[in-house]
Amino acid sequence: MTTAENTQDAPQPEAAPAPGMVDIKPRNYEFDLESALAANWHSGDPFKTAFFNALSMMFPVGEKSFMDAVKAFRNKVTDPALQEDVKGFLGQEAIHSREHRKYNERLCALRGYDLDYMEQPIIKRRDWAHANLPVIAQLYATVAYEHYTAIMANGTLSNPKWLEGADPTMKALWRWHAIEETEHKAVAFDVLKLAGGTVKERRMSMLFITVNFIRDTARNINHMLKRDGYSFWQRMKIWRSGLSFLLGKDGILRGMGREWLDYFKADFHPWQHDNRKLLEEVKASVGPEPVLA
Ligand SMILES: [Fe+2]
Ligand SMILES: [Fe+2]
C-alpha cells in the first residue's frame, strides 16, 4: 500500500468539522406506531409505504452489525473528542435498532409479512463475513452503509417530497432517524482511518454493498406487495409508479448520484457534504427533545 492509498494520510478539507464539533446525542424516543402501520401510512400509497418499510426491515440487524464493527476498533481511538463521538454513535444506533425492531415486528404482525424471510439474507451474509473475512471488512461495510444513510438522511431533511403526505408519527420517526444519522455520519469513517482503512478497499466495499442494498430493498418491497394481495401485473404497475417516485423527473433519489460518487474520491470525508446548517434548522423546527440520562 502506498502512502497516497491510505485513507489516514489523505488530506482532509479545512472546512470539514473535526470530531467533537457536531453534538451526537442519543434521543430516547419511543414511538407508538400501531395505528399507522396497519395501513399504507405514506400517502395511502402501497409503493411509498413499502419502500420505507423495506428500509426499516434492514436496520435492526444492520445497525447491530455497525455497532459491533465500531466497537471492535474502539481501542484505536485515543482522541477524547472522537471517543465521545463513538459513545454518541453507539447510543444512537442502539435506540434506532430498538425502535425499528418494534416497528418491524408490529408491521409484520399487523400485515402478515414474514420478518424471517426479509432478515435471513442479511443475517446469512453477516455470518458468512464473520466466518470468512477479517474483522475490518465489517467496518468497511459499516462505513459504506453509513454513507447511504447519510445521503438519504440529507434527502429526507432537505426535500419535503420524501415524506409529504405521510402519517405524522411515521414522519417524526423518520425525521428523528435522519437527524441522528446526519449527526454521526463521520464516526465510523473516522474509526476506519485509525484502523488503517485503504481507499481501494473502501471503494470496492461500496460497490459490493450497493448491489446488496438494492437487492435487499427490492426483495422486501416485492414480498410486502405480494402479501398485500397484489397480482404480478398489479405489482408491475405499482413498481412503475414507484420507480417514478424514486428516479423520475422529480424523483426523490434524483440528484443523489453525485453525493454517492463522491465516496470514490481518494480524499473523501463525510463532512465534505457539510449540512450542519440544515441540521440546525430542522432541529430548531422540532423543538425540545428527550435525551438519554
Ligand atoms: Fe441508525
Ligand atoms: Fe448510522
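1. Val143, Glu146, His147, Lys185, Ala188, Phe189 and Pro270 line the second largest cavity of this predicted model. Here a cavity is a set of points, on a 1 Å grid over the protein atoms alone, where a 1.4 Å probe fits but cannot get out, and lining residues have an atom within 4 Å of a point. Helix 5 (135-158) and helix 7 (187-194) are the elements that give two or more residues to this lining. Helix 5 supplies the largest share, three residues. Helices are DSSP runs (H or I, at least four residues), numbered from the N terminus.

2. The second largest cavity holds about 30 Å³ of space. Its volume is the space filled by probe spheres set on the points, with grid points joined across faces, edges and corners. By class, its lining has four nonpolar, one polar and two charged residues. Ala, Val, Leu, Ile, Met, Phe, Trp, Tyr, Cys and Pro count as nonpolar, Asp, Glu, Lys and Arg as charged, and the others, Gly among them, as polar.

3. The count is two cavities of 30 Å³ or more. The largest cavity has about 90 Å³ of space. It is lined by 15 residues, and the closest to its centre are Ala18, Pro19, Asp85, Ala186 and Trp271. This lining divides into nine nonpolar, two polar and four charged residues.

4. Histidine 273 is in the loop between helix 10 (257-262) and helix 11. Its relative accessible area is 18%, so it is classed as buried (buried means under 20%, exposed over 50%, partly exposed in between, with a 1.4 Å probe and protein chains only). Apart from neighbours within four places in sequence, histidine 273 is in contact with His147, Ile151, Lys185, Glu259, Asp262 and Phe268; contact means heavy atoms within 4.5 Å. Of these contacts, His147 and Lys185 are also among the residues lining the second largest cavity.

5. The model has 18 salt bridges, each defined as a side-chain nitrogen of Lys or Arg within 4 Å of a carboxyl oxygen of Asp or Glu. One of them pairs aspartate 228 with arginine 111, with the closest N and O atoms 3.3 Å apart. Aspartate 228 lies in the loop between helix 8 (199-227) and helix 9 (232-247) and arginine 111 in helix 3 (residues 80-111), so the pair ties together parts that are 117 residues apart in sequence. Arginine 111 is buried at 16% relative accessible area, while aspartate 228 is partly exposed at 25%.

6. Lysine 277 forms a salt bridge with glutamate 281, the closest N and O atoms being 3.3 Å apart. Both residues belong to helix 11 (residues 276-286) and sit four residues apart, about one turn of the helix. Lysine 277 is exposed, with 64% relative accessible area; glutamate 281 is partly exposed at 43%.

7. Arginine 126 and aspartate 127 also form a salt bridge, with the closest N and O atoms 3.1 Å apart. Arginine 126 is partly exposed at 26% relative accessibility, and aspartate 127 is partly exposed at 39%. A network of salt bridges links Arg27, Glu180, Glu183, Glu280 and Lys283.

8. On conventions: residues are numbered from 1 along each chain as its sequence is written, and chains are lettered from A and ligands numbered from 1 in the order in which they are written. In this predicted model local features need pLDDT of at least 70 and side-chain atom pairs count only at pLDDT 80 or more, while totals for chains, interfaces and linings use all residues, and side-chain values use heavy atoms, with hydrogens and water left out.

Conventions. 1 Å grid on protein atoms, 1.4 Å probe; cavity = no way out; pocket = protein on both sides within 12 Å on 5 of 7 lines; lining within 4 Å.
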